[in-house]
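I set out to record, entry by entry, what I looked up in this structure. The notes cover strand pairing, salt bridges and aromatic contacts, in that order.

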Amino acid sequence: MINTQDSSILPLSNCPQLQCCRHIVPGPLWCSDAPHPLSKIPGGRGGSRDPCLSALIYKDEKITVNQDVPVHEGKPHIVHFQYKVTEVKTSSWDAVLSNQSLFVEIPDGLLADGSKEGLSALLEFAEEKMKVNYVFICFRKSREDRAPLLKTFSFLGFEIVRPGHPSVPSRPDVMFMVYPLDQNSSSDEE
């Protein structure tokens, strides 16, 4: 499933574009669908999480979306997507919402069954309901499956982000891809 020995590859606490309540420590990825131990998340030094309010923002027969809204100003929101693949199988993705962009970290290791369907539902929801301008994905450049990931995400409509792009943190060890959402055409339809 998800390798829980690696830390998040997005240094969100060090990135001015993505000031988040997460920081790099050994433990689960920030997009892991496993519970985070309190000592492994920001503010966890004393045994409790950074204060956040969790709210259900959308639910239908296939997708459930919750959002952690930080109590402190200036922190981006963590959005949790769950897509019901079958009666017993769900695909979960966590993302950071910042500056009209959604950032999704692709976990190390094999992606779970239903991940493609879940990510497609996430993209559709981001475009139609959240009205974001971009969805960024990122993964380590050192991954053995880097070439198939690039091919898969390119097929889904993602484009490689060139180094130095103002919306992403400077991380030479991380590959970023972007899915631009054309909000002009969707607002014309409404």
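**Entry 1**

I note at the outset that the model is predicted.

I then looked up how β3 and β4 are joined. Strand β3 covers residues 77-84 and runs antiparallel to β4, with eight bridges between the two. The two strands form a hairpin, and five residues lie between them.

On its other pairing, β4 is joined to strand β5 (residues 101-105) by four bridges, again in an antiparallel arrangement. Within this pairing I found A95 opposite V104 of β5. The β4 and β5 hairpin has two residues between its strands, and N99 there takes a positive phi near 50°.

Is strand β4 enclosed by the rest of the structure or open, and why? I checked burial along residues 90-98: seven of the nine residues of β4 are buried, so the strand is largely enclosed by the rest of the structure.

**Entry 1: salt bridges**

How many salt bridges does the structure hold? I recorded six.

I looked up K89 and D113, whose side chains meet in a salt bridge at 3.8 Å, N to O. K89 belongs to the loop between β3 and β4, whereas D113 belongs to the loop between β5 and α1 (115-130), so the pair ties together parts that are 24 residues apart in sequence. With a relative accessible area of 31%, K89 is partly exposed. D113 has 56% relative accessibility and therefore counts as exposed, because the exposed class begins over 50%.

I turned next to R140, which forms a salt bridge with D108; their closest N and O atoms are 3.1 Å apart. This pair links distant parts of the chain, 32 residues apart: R140 is in strand β6 (residues 134-140) and D108 in the loop between β5 and α1. I found both R140 and D108 to be buried. I also traced a network of salt bridges that links D108, R140, R143 and D145.

One further salt bridge I noted is that of D173 and R171, with a distance of 2.7 Å, N to O. D173 is partly exposed, its relative accessible area being 33%. R171 has a relative accessible area of 18% and is buried, because the buried class lies under 20%.

I counted seven aromatic pairs in the structure. Among them, F103 and F136 form a stacked pair, with 4.8 Å centre to centre and 10° between the planes. F103 lies in strand β5 and F136 in strand β6, so this pair ties together parts 33 residues apart in sequence. F103 counts as buried at 2% relative accessibility, and F136 is buried with a relative accessible area of 1%.

The pair of F153 and F158 is edge-to-face: I read 5.6 Å centre to centre and 80° between the planes. F153 counts as buried at 3% relative accessibility. F158 is likewise buried, with a relative accessible area of 3%.

Which residues form one aromatic cluster with F153 and F158? I found F139 and Y179 as the other members of this cluster.

Note on methods:
Residues are numbered from 1 along each chain as its sequence is written. This is a predicted model: local features need pLDDT of at least 70, side-chain atom pairs count only at pLDDT 80 or more; totals for chains, interfaces and linings use all residues. Side-chain values use heavy atoms; hydrogens and water are left out. Buried means under 20% relative accessible area, exposed over 50%, partly exposed in between (1.4 Å probe, protein chains only). Two strands pair if DSSP finds at least two bridges between them. A salt bridge is a side-chain nitrogen of Lys or Arg within 4 Å of a carboxyl oxygen of Asp or Glu. Rings of Phe, Tyr and Trp (its six-membered ring) pair if their centres lie within 6.5 Å; planes under 30 degrees apart count as stacked, over 60 as edge-to-face and the rest as tilted.
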